[in-house]
Amino acid sequence: MINQPNDMMFRVFIRLIAIIVVTFSIYLFFSGHNAPGGGFIGGLMTAIAILVMYLVFGTKTMNAALPFNYPYMMSIGLLVAAGTGIISVAFGYPYLKQFFDYFQIPIFGEVELTTALIFDLGVYLLVVGSAMTFILSIVEDDS
Amino acid sequence: MSNLIILPIIFPFIIGAVLIFFSKSSRAQRIISGISALLMVGISAYLAVLAFQQDTVILESGDWVAPYGIILVLDNLAALMVLITSILAASCLFFAFGTISKKREKYYFYPFYFFLIVGVNGAFLTGDIFNLFVFFEVMLLASYVLIVNGGSKYQLRESFKYVILNIFGSALFIMAIAWIYSVTGTVNMAHLSERVAEINQPGIVTVIAVMFFIVFGAKGALFPLYFWLPKSYYGPPAALAALFGGLLTKVGIYAIIRMFTLVFYHEPLFTHKGIIVTAAGFTMLLGVLGAVSQFDFKRILSYHIISQVGYMVMGLGIFTPLAVAGAIYYIVHHMFVKTALFLLAGATEKITGTTDIKAMGGLIKSQPVLTWSFFIAAISLAGIPPLSGFFSKFPIILAGFQEGQWVISAVALLVGLLTLISMMKIFGYVFWGENKLTERQNNMSVTNLLIPIAPLVAFSIILGFAAEPIFTYSLHIAEQILEPSNYVNAVLKE
């Protein structure tokens, strides 16, 4: 799969497609909680975009381009998600109680921001990290 | 409401996540995990006191009221189980420091060890049957990783069976949950209890109850679904085999006790005195026969897990306060003693390099402490007074005679005798007899391995000599769980 001579179309288009997929995954991530979407599906889609790039450019190039330590990313995700719950404990509320408010942000207008979004960020990191860890460890096993 | 209840779940969760960062350094992992395991014991001891003072403490996570949100319920039974879990986890962890290979440490042994505890504690504390499923999965996923890690041929073959059986069990579990949801329209246990009581447990609910019994029976190694246990507990290293043997099957048994005292208690003649008692009898008898026929240290102990799980379920099946109290006492006793025996088997294996008892002999001369620790744990398991095994079997069998359950009580007595025979077989082969050890093996010291075992053996003695207060406590728990309105009122606040 590395350096096939006639994958020109693939290599050119993938740059475009990856950007679209990642953008859509970010959209899904933010639309979550009260509408379809959220950290899990957003993270899965991001992982797909990264995977397609791995498929086209090969592990060596991609490891250099995106030097993430995916097991660490999983762990950070777990800690962020668990930490969100602890914030509410610190204020004397039950574990995982969510807080939200409406903010005026330029360009976007009125936006609802919740602490559940931070929890979702943890889920997002966890899903990207674990999906990539699974697949990369299988890939590395092969070579 | 108390946020402290989340600690037995969230604390090992965070520690597990943090440990991933230190996977390269075995020393940092040992320091962090050792301190946290001891902290866990402190936390759970405090929670046990809290539960004893307030009876039932609940936490509505995310501030969503029951029965809509996910709630955690800490009653005396759950608190006791969490306490024992953390003690066992700490013991096995310190034992693992001396026996586990560097390679396993590098491949995330400690993080998954803590994730396993997250699952176990979560299963004890949750008040929601779907969440019970989720925590079972957390526990099982961690156990798959721990059991497979190392990757020898035998291990892969046996853990494959373990994984397949448990995935099948989980599929049945989710079906049973869907089923009970379609009948009652709720998955909150207290709400379930209330609604099943309203419709007075018709036939369809009893069928679902039996389905749940099969699911938890497969996880708890009950007849006829125990065949996976002896082989899959043989593969992993001693520290893990001890933790699994002491802990994992008991989560299934806990779930059976919880469901059949809280929700499905309206048809005791069919479910409790029929199915559960029958399954208990066969489990005890076949388990102990397996143990008598084996000549491998770890295998004998694994078969004994099966036979002893039978006693606990028998106590539930007889279904009087005395019997249930006996079952709870038995769980406590079994978890300590079984873990101690597995760890002692591990220490013996470290000295002799084998688990075949025919190849060992004469350890009593070079390892007196090891020998007598084993002796205490072994006769305690067989049920010799004044150790804990006697005082836990006595109320169960007594209640059996009181209720006219002659057959099962006779089986229980016979199994006690056979247990003694197989324990003495180990003792005779491994510790007595002529010395078959080499010079180097004779001079080997395993003191660092005996220190984590010592508290467990001590607990077995304490549980025997302090039987009176501990039995009063078990009876208190039994009376509490046999009166489901305590639980329901605490959760639904009526």
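Me: Where does B:Pro386 sit?
Reply: B:Pro386 is in the loop of chain B that runs between α16 (368-382) and α17 (388-402). Keep in mind as we go that this is a predicted model.

Me: OK. Cis or trans, the peptide bond from B:Pro385 to B:Pro386?
Reply: That bond is cis, and its omega is near 5°.

Me: What kind of peptide bond joins B:Phe223 and B:Pro224?
Reply: A cis one, with omega about -5°. B:Pro224 belongs to a loop too, between α9 (203-219) and α10 (228-232) of chain B.

Me: Let's zoom out. How many helices and strands are there in chain B?
Reply: Chain B has 22 helices and two strands.

Me: What share of the residues in chain B is buried?
Reply: Buried residues account for 59% of the 494 residues.

Me: I clicked on B:Gln308. Which helix is that in?
Reply: B:Gln308 is part of helix α13 (residues 297-318) of chain B.

Me: Is B:Gln308 buried or exposed?
Reply: Buried, because B:Gln308 has 29 C-beta neighbours inside 10 Å, and 20 or more is enough to count as buried.

Me: How far is B:Gln308 from B:Ile331?
Reply: Their C-alpha atoms are separated by 8.9 Å, with the two residues 23 apart along the chain.

Me: New topic: backbone angles. What is phi for B:Asp55?
Reply: Phi of B:Asp55 is near 65°, which is positive, and this residue is not a glycine. You'll find B:Asp55 in the loop between α2 (26-54) and β1 (57-60) of chain B.

Me: How exposed is B:Asp55, then?
Reply: Partly exposed, because 15 other C-beta atoms lie within 10 Å of B:Asp55.

Me: What about the phi of B:Tyr108?
Reply: B:Tyr108 isn't a glycine either, and its phi is positive at about 60°. B:Tyr108 sits in the loop of chain B between α4 (102-106) and α5 (109-125). With 19 other C-beta atoms within 10 Å, B:Tyr108 is partly exposed.

Me: Now chain A. In what order do its elements come?
Reply: Starting at the N terminus, they go α-α-α-β-β-α. That makes four helices and two strands in chain A. The C-alpha trace of chain A spans about 60 × 35 × 25 Å along its principal axes, and buried residues make up 32% of its 143 residues.

Me: Where does UniProt put the transmembrane regions of chain A?
Reply: The UniProt record, an unreviewed entry, places "transmembrane region" at residues 12-30, 36-57, 69-96 and 116-139 of chain A.

Me: How much of residues 116-139 is helix in the model?
Reply: That span of chain A is 100% helix and 0% strand, and its end C-alpha atoms lie 34 Å apart. Residues 36-57 of chain A are 86% helix and 0% strand, with end C-alpha atoms 32 Å apart.

Me: What about α1 in chain A: what length should it span?
Reply: Helix α1 (residues 8-31) of chain A has 24 residues, and at 1.5 Å a residue it should span 34 Å. Its end C-alpha atoms are 35 Å apart, which agrees.

Me: Where does α1(A) bend?
Reply: At A:Ile14, by about 35°. Further details on α1(A): A:Ser25, A:Leu28 and A:Phe29 are buried, and the helix is followed by A:His33, whose phi is positive, near 80°.

Me: Last one: how many residues of chain A are in contact with chain B?
Reply: There are 14 residues of chain A in contact with 14 residues of chain B. On the chain A side, the residues touching chain B are 11 nonpolar, two polar and one charged.

Notes. Residues numbered from 1 in each chain as written. Chains lettered and ligands numbered in written order. Predicted model: local features only at pLDDT ≥ 70, side-chain atom pairs only at ≥ 80, totals over all residues. UniProt positions renumbered as here; feature names shortened; annotations may be inferred. Contact = placed C-beta atoms within 7 Å. Nonpolar A, V, L, I, M, F, W, Y, C, P; charged D, E, K, R; others polar. Expected span 1.5 Å × (residues − 1). Bend = angle between axes of the 7 residues up to and from the residue. Buried ≥ 20, exposed ≤ 12 C-beta atoms within 10 Å, placed from the backbone.
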